[in-house]
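This report describes a central sheet, the helices packed on it and a few selected residues. The sequence and model are shown first.

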Amino acid sequence: MSVYRFPQGAALVFGGSGGLGGGVVRLLAQSGTDVAFTYHKNRDAAEENLKAVEDAGQQGHIGSVDLLDLPAVEAFAGEVKAKFGRIHSVVFATGPFLHILPIMDAEPQVFYDTLDADVKGFYHVLKAVVPHLREGGGGSITALTTAAIPRYIATDGLSSIPKAGVQHLCTAIAREEGPNNIRANCVAVGLIAIGLSQEIDSPPGGILDQWTKQVALGRPGAPEELFDTVVFLASENAGYISGQSVPVDGGYSA
């Protein structure tokens, strides 16, 4: 396993009960840092991941947080800061269920709700954590987005359009908070053999087939290949990387 360096304090993962976020939580703990993370409704998965953190010899902290509720997000970030003394890394690994359909076929409210969950949710995360990162002397923010931002795939608009907003918020933070030693990067997630890509109902010739045919390596990514990239960017090993979107997509975006 690669050795990732973290300072004293804790990493904070938003969306730590899902397939992608949970893997990031576990690798962070295995890398020697305490980890706090949120979940929405899946408390059983959150408890299981909390036990994995503790089994790795680290402290954990969990909470059910609605990212559209800014005071709740700020309160949870404050709890984490109070418990661990410092927040050094923040990972945004959450998002709404993907509706796969042409963008003009989407109901307006579904489009609005998806924008809110991604863009407003991530904005609330930034409002809550950036002051703590400044106070701690800096740190990292890493957001999971999608490889479909630079190379659109038909019927994936409800994923790629909101995630483009998340990416540009990261760019803004990288530019504006760089003097405060805060880094912000994205991981543009391709077809990974875990998480939402495994839950999509895609018939032959559907979005998964379209995506697979355009992956240069000709296979889905292993979960660990994604987790390693996320934790690397969150760690001090990536201390001079900021404002970037790193694709983990098997060459889809090439």
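Phe122 has 0% relative accessibility and therefore counts as buried, where buried means under 20% relative accessible area, exposed over 50% and partly exposed in between (1.4 Å probe, protein chains only). This is a predicted model, in which local features need pLDDT of at least 70, side-chain atom pairs count only at pLDDT 80 or more, and totals for chains, interfaces and linings use all residues. Residues are numbered from 1 along each chain as its sequence is written, and side-chain values use heavy atoms, with hydrogens and water left out.

The structure holds one aromatic pair. Phe92 and Phe122 form this pair, which is tilted, with 4.8 Å centre to centre and 50° between the planes. Rings of Phe, Tyr and Trp (its six-membered ring) pair if their centres lie within 6.5 Å; planes under 30 degrees apart count as stacked, over 60 as edge-to-face and the rest as tilted. Because Phe92 is in strand β4 and Phe122 in helix α4 (residues 108–135), the pair ties together parts that are 30 residues apart in sequence. Helices (H or I, at least four residues) and strands (E, at least two) are DSSP runs, numbered from the N terminus. Phe92, at 0% relative accessibility, also counts as buried.

Strand β4 belongs to an open sheet of seven strands in the order β3-β2-β1-β4-β5-β6-β7, with parallel pairing. Its edge strands are β3 (60–64) and β7, each of which pairs on one side only. Direction ignored, neighbouring strands of this sheet are turned by 15° against each other on average. Two strands pair if DSSP finds at least two bridges between them. The bridges of β4 are as follows.

| Strand joined to β4 | Bridges | Residue facing Val90 |
|---|---|---|
| β1 (residues 10–14), parallel | five | Leu12 |
| β5, parallel | four | Ile141 |

Eight of the eight residues of β5 are buried, so this strand is largely enclosed by the rest of the structure. Gly139, Ile141, Ala143 and Thr145 point one way from β5, and Ser140, Thr142, Leu144 and Thr146 the other way. In a regular strand the side chains alternate between the two faces of the sheet.

Ser89 also lies in β4, which spans residues 87–92. With 2% relative accessibility, Ser89 counts as buried. Its side chain makes a polar contact with the side chain of His88 at 2.7 Å and reaches the backbone oxygen of Ala234 at 3.2 Å. A polar contact is a pair of N or O atoms within 3.5 Å; within protein, one must be able to donate a hydrogen and the other to accept it, and residues adjacent in sequence count only if both atoms are side-chain atoms. Beyond its neighbours within four places in sequence, Ser89 is in contact (heavy atoms within 4.5 Å) with Phe6, Ala10, Ala11, Leu12, Ser140 and Ala234.

Ala234 is one of the buried residues of helix α7, including also Pro223, Leu226 and Phe227. Helix α7 (residues 223–234) has twelve residues and reaches 17 Å from its first C-alpha to its last, close to the 16 Å expected at 1.5 Å a residue. The expected span is 1.5 Å times one less than the number of residues. Among the elements covering the buried residues of α7 are α1 (19–30), β4 and β6 (182–189).

How values were computed: Axes are lines fitted to C-alpha atoms, for helices over the stretch in contact, and angles run from 0 to 180 degrees between N-to-C directions.
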